[in-house]
Structures are given as structure tokens and as C-alpha cells.
Amino acid sequence: MLTLRWGTATDVGRVRKLNEDSLLAVPTLFVVADGMGGHAAGEVASQLAVAEFARLAEQQGVSSDDLAETVQRANEHILSAGAERGDRYGMGTTLTGIGVVSAADGEQLAVFNVGDSRVYRLSDGRLDQLTVDHSAVQELVDAGRITPQAARSHPRRNVVTRSLGSQPSPAPDVWLVPPVAGDRFLVCSDGLTGELEDPAIAELLGSSDDPQAAADELVRQALAAGGHDNVTVVVLDVAEVPDSAPAGA
Ligand code: MG
């Protein structure tokens with residue numbers, strides 16, 4: 001078995017009245033969901049999504065396909081819950097995370113994403129964003145029309161192009177990542193990345209050996225930078241990798 005350690009932190013921020021982010025951190029699944037929709041519906045959507053993953057975590061052995069199927073089930077639940085009540089119609093959520101999945105050559109980490117919450121990896125002091133945002137500004141960056149820096153202040157920076165609670169069911173991007181002892185992962189909502197740029201995130205993420213202390217510090221600094229949105233972080237450390245698992249690629 002992989003040995004993992006983690007810490008989590010979430011805060012409503014300094015502007016919003018409700019925290020519509022939800023998170024899950026259990027031994028095999030680490031998920032952040034950022035809900036959208038008026039009248040607290042976003043909170044319902046992100047909670048429904050996370051609850052579906054909590055059910056998956058009870059199962060023995062999870063595969064990448066299970067993650068994609070769980071996204072689909074969560075999507076259906078959000079759609080049907082939205083259809084039941086007018087004030088929840090159209091609610092949705094982003095969903096991103098890391099699952100410990102069993103593969104033929106041992107346990108792997110599956111990074112999955114729908115929307116503009118993110119997963120980063122800090123390895124040997126170097127920060128890499130592993131997920132690619134499903135957002136209007138990411139499309140403009142990909143097309144070479146704006147710089148990543150311009151995307152941070154672009155008027156459409158909050159427009160998400162893929163989310164749960166939509167038809168047809170959104171397919172998650174999934175990447176398999178070999179677990180490497182000493183690597184640290186960050187799963188976060190855009191309330192963190194909207195306030196802090198990558199160099200600051202890298203510094204704060206590496207600021208303590210204790211993942212809980214690092215999570216607390218990231219949220220504290222996002223609030224200090226303005227706290228315009230709900231902010232949620234999961235910091236996950238790969239402490240030990242069994243010998244049978246593949247070495248780092
Ligand atoms: Mg947000």
C-alpha cells in the first residue's frame with residue numbers, strides 16, 4: 001500500500017456569504033468541487049458531487065473507469081435534483097481530484113478534472129499544474145489570443161466550459177501519475193488560484209513538512225490577498241511507495 005498523508009482547509013473568503021465549495025479527503029480519494037448556482041444551489045451541487053465520490057471510496061479497489069462513471073452518476077444526480085426545485089434549476093459544479101487506482105503494475109494516482117478547479121504537483125521544488133482548465137480564458141490562451149497572465153484579469157475568467165450539472169454528461173480528463181515518494185500534490189478551487197500566482201503557491205505549498213500546516217497557510221494567504229471567492233485546498237503527500245510499484249517516470 002502507498003502511504004499518503006494529507007491536510008485540508010476551506011474558507012468562505014472575505015466577500016461571499018456562503019461557502020459553495022465542497023471537499024472530500026479519505027485514504028483513496030481527494031476531491032474538491034466548486035459549486036455554481038443561485039440561492040445556495042451551488043453548495044447543493046458540490047455536496048452531491050462529493051457525496052457520490054464518498055460512496056465510491058467505500059468500494060474495494062477503484063479504477064480510472066470508476067472515476068469517470070462516478071462523474072456521470074454525480075452529473076445525473078445534480079440534474080435530477082435541479083429539476084425537482086425551481087430555485088436549483090441549472091445548478092452545477094466543477095470537480096477535480098486524485099484517486100488511488102489499482103493497475104497491473106501497482107497503485108497509481110489518477111488525476112481527474114471537470115472545470116477550472118486544479119491539481120498541481122510539487123516535485124523536487126518544482127511546481128507543475130497537472131490539470132488543464134475547462135474555461136473560456138483557457139481556450140483563448142490555447143488559441144494564442146491572450147497570454148496566461150492576461151487570462152487572470154480577463155472579463156470572462158469565471159466562465160467554465162465544462163461542469164457537472166450539464167447535458168450531455170461531461171467527460172472528465174484523466175491522467176495516470178506514478179506515485180513518487182516525496183511528491184506533494186495540491187487540489188484546489190479557483191478561490192486559491194485567483195488570488196495567488198504559481199510562484200507564491202509553490203513557496204507556500206513547500207513552506208511546511210506538515211501537509212495540514214501547508215493547507216492552512218495557503219488558505220490564510222489567499223484570504224490576505226483579498227479572499228474574493230470561497231477557497232478550498234487539499235494537500236496530499238506521497239510519504240512511501242512500496243517496492244513493487246514502478247519507480248518515478
Ligand atoms: Mg470558485
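Contact, in what follows, means heavy atoms within 4.5 Å. With that in mind, Phe53 touches Leu24, Leu29, Val31, Leu67, Thr70, Val71, Leu95 and Phe112, leaving aside residues up to four places away in sequence.

A word on the basis. This is a predicted model, in which local features need pLDDT of at least 70 and side-chain atom pairs count only at pLDDT 80 or more, while totals for chains, interfaces and linings use all residues. Residues are numbered from 1 along each chain as its sequence is written, and side-chain values use heavy atoms, with hydrogens and water left out.

Back to Phe53. Phe53, Leu67, Leu95 and Leu164 have the most contacts inside the largest nonpolar core, which has 24 residues. A nonpolar core here is a set of buried Ala, Val, Leu, Ile, Met, Phe, Trp, Tyr and Cys residues joined through side-chain atoms within 4.5 Å; buried is under 20% relative accessible area, exposed over 50%, partly exposed in between, with a 1.4 Å probe and protein chains only. At least two residues of this core come from each of β3 (29–36), α1 (41–57), α2 (64–84), β5 (95–103) and β6 (106–114). Helices (H or I, at least four residues) and strands (E, at least two) are DSSP runs, numbered from the N terminus. The largest share, 7 residues, is from α1. Another core lies apart from this one, with 21 residues, including Ala9, Leu127, Ala222 and Val235.

Next, the sheet. Which strands form it, and in what order? The open sheet has 5 strands, ordered β1-β11-β10-β7-β8, with antiparallel pairing; two strands pair if DSSP finds at least two bridges between them. β1 (3–11) and β8 are at the edges with a single partner strand each, so one side of each has no neighbour in the sheet. From one strand to the next, the twist averages 20 degrees. Antiparallel β10 and β11 are joined by 5 bridges, and Leu186 stands opposite Val235 in β11.

Across β1, β10 and β11 lies α7, at about 25 degrees to β1. Axes are lines fitted to C-alpha atoms, for helices over the stretch in contact, and angles run from 0 to 180 degrees between N-to-C directions.

Last, the magnesium ion. Its protein donors are Asp34 (OD), Asp190 (OD) and Asp229 (OD), 2.1 to 2.2 Å away. Donors are N, O and S atoms within 2.8 Å of the metal (3.2 Å for Na, K and Ca); water is not among the atoms, so sites may look incomplete. Along the chain the donors follow D-x155-D-x38-D. Asp190 in helix α5 and Asp229 in the loop between α7 and β11 are 39 residues apart, and both are buried.
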